[in-house]
Every structure is written in structure tokens, then in C-alpha cells.
Amino acid sequence: MATKLVVSIVQNDDAERLISALRDEGFSSTKISTTGGFLRQGNATILAGTEEGSVHKVLGIIQRNCHAYTYPVTPPSLVMGPREPYIPSTAESIEVHVGGAVIFVLDVERVIRY
Ligand code: 2BA
């Protein structure tokens, strides 16, 4: 059966619980500490290699253990204008919705262990 790699980007607070839940269901995983390109906040990327037939189980575990949240972002209070800096009218904080998990399922060509 084909092997798949489930790459899930989750928030740090959910990562340990997710790894434990995967282990409890018999799935190996690797956690990488990563940083979101938009918010520039730390998050976690979990790699889980598994048989194609088990991908739905892995996705279910991720769904049950990862939660969406909103992150307040305050735009810069002073913005450079064409002539001089100015304070934008939307200086109050806005909320960015993040996750629960962003998941990519990849085909794996070969698995090699030395
Ligand atoms: P960040 O890049 O820090 O993005 C955090 C949240 O900010 C995103 O949540 C999304 O709601 C918002 N956002 C991202 N880029 C935006 C933009 N150009 N304009 C407006 N809002 C934007 P999620 O979509 O749930 O993504 C959570 C994290 O998953 C991301 O953190 C990033 O680390 C990763 N991610 C999401 N999509 C990705 C992709 N296509 N490729 C690689 N990593 C991705």
C-alpha cells in the first residue's frame, strides 16, 4: 500500500497533545518548531508518515486535538506616507483567525531506514 506523509501546521499549545494522541493510536510523528510567515509567531509542524489507508485516522486525530483561535494584531501606529508619517484610521487591533490545523497530505516515493 502507498505511503503518505501528513504534514500538519498547528499551534504550539496543541502540539504535545496531538503527538500524544497520535502515539496512543499507534502513529509515529515528528515535531518541528516553525514560524508562521504572516503573524511571525511560533507554531509547530507535525510530520506523520503512514499507510494511505490510515490517513483518515490521522486526520481525525488532528481534528479532535487542534483548535482554532483568534490572534489580535495591532497595525503599526505610525505609517510612512509619501511626505511624512501618519497615524492610520484603523489603529485599533484586528483579529486574525488561525487554524485549528493547516494540513498537507503528500505522496511518499520511498521510505528508507538505515
Ligand atoms: P501564519 O502565516 O502566521 O498565518 C496565520 C493566519 O493569518 C492564517 O491562519 C490566516 O488566517 C492569516 N493569514 C495568513 N496569510 C495571510 C494574508 N496574506 N492575508 C491575510 N491573512 C493571512 P491559517 O490559514 O490557519 O494558517 C496557520 C499557519 O499555517 C500559518 O501561520 C502558516 O504557518 C501555515 N500555513 C497556512 N497556509 C499555508 C500554506 N499555504 N503553505 C505553508 N504554510 C501555511
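**The ligand and its surroundings**

Around the ligand stand Ile9, Gly36, Gly37, Phe38, Leu39, Asn43, Val96, His97, Val98, Gly99, Val102 and Phe104. The model is a predicted one.

Composition of the shell

- Sorted by class, the residues of the shell around the ligand comprise seven nonpolar and five polar ones, with no charged residues.
- At least two shell residues come from each of two strands, S7 (94–98) and S8 (101–108).
- Strand S7 contributes the most to the shell around the ligand, namely three residues.

Polar contacts and cover

- A polar backbone atom of histidine 97 lies 2.5 Å from an oxygen atom of the ligand.
- For glycine 99, the distance from a backbone N or O atom to an oxygen atom of the ligand is 2.7 Å.
- Phenylalanine 38 has a polar backbone atom 2.8 Å from an oxygen atom of the ligand.
- On its own, the ligand has 760 Å² of accessible area, and the protein covers 51% of that area.

Arginine 23

- Helix H1, which spans residues 12–24, contains arginine 23.
- Arginine 23 counts as exposed because its relative accessibility is 54%, and the cut-off for an exposed residue is over 50%.
- Between arginine 23 and threonine 3 there is a separation of 20 residues in sequence, and their C-alpha atoms are 18 Å apart in space.

Conventions:
Residues are numbered from 1 along each chain as its sequence is written. This is a predicted model: local features need pLDDT of at least 70, side-chain atom pairs count only at pLDDT 80 or more; totals for chains, interfaces and linings use all residues. Side-chain values use heavy atoms; hydrogens and water are left out. A residue is near a molecule or strand if one of its heavy atoms lies within 4 Å of it. A polar contact is a pair of N or O atoms within 3.5 Å; within protein, one must be able to donate a hydrogen and the other to accept it, and residues adjacent in sequence count only if both atoms are side-chain atoms. Accessible areas come from the Shrake-Rupley method with a 1.4 Å probe; for residues, only the protein chains shown count as cover. Helices (H or I, at least four residues) and strands (E, at least two) are DSSP runs, numbered from the N terminus. Ala, Val, Leu, Ile, Met, Phe, Trp, Tyr, Cys and Pro count as nonpolar, Asp, Glu, Lys and Arg as charged, and the others, Gly among them, as polar. Buried means under 20% relative accessible area, exposed over 50%, partly exposed in between (1.4 Å probe, protein chains only).
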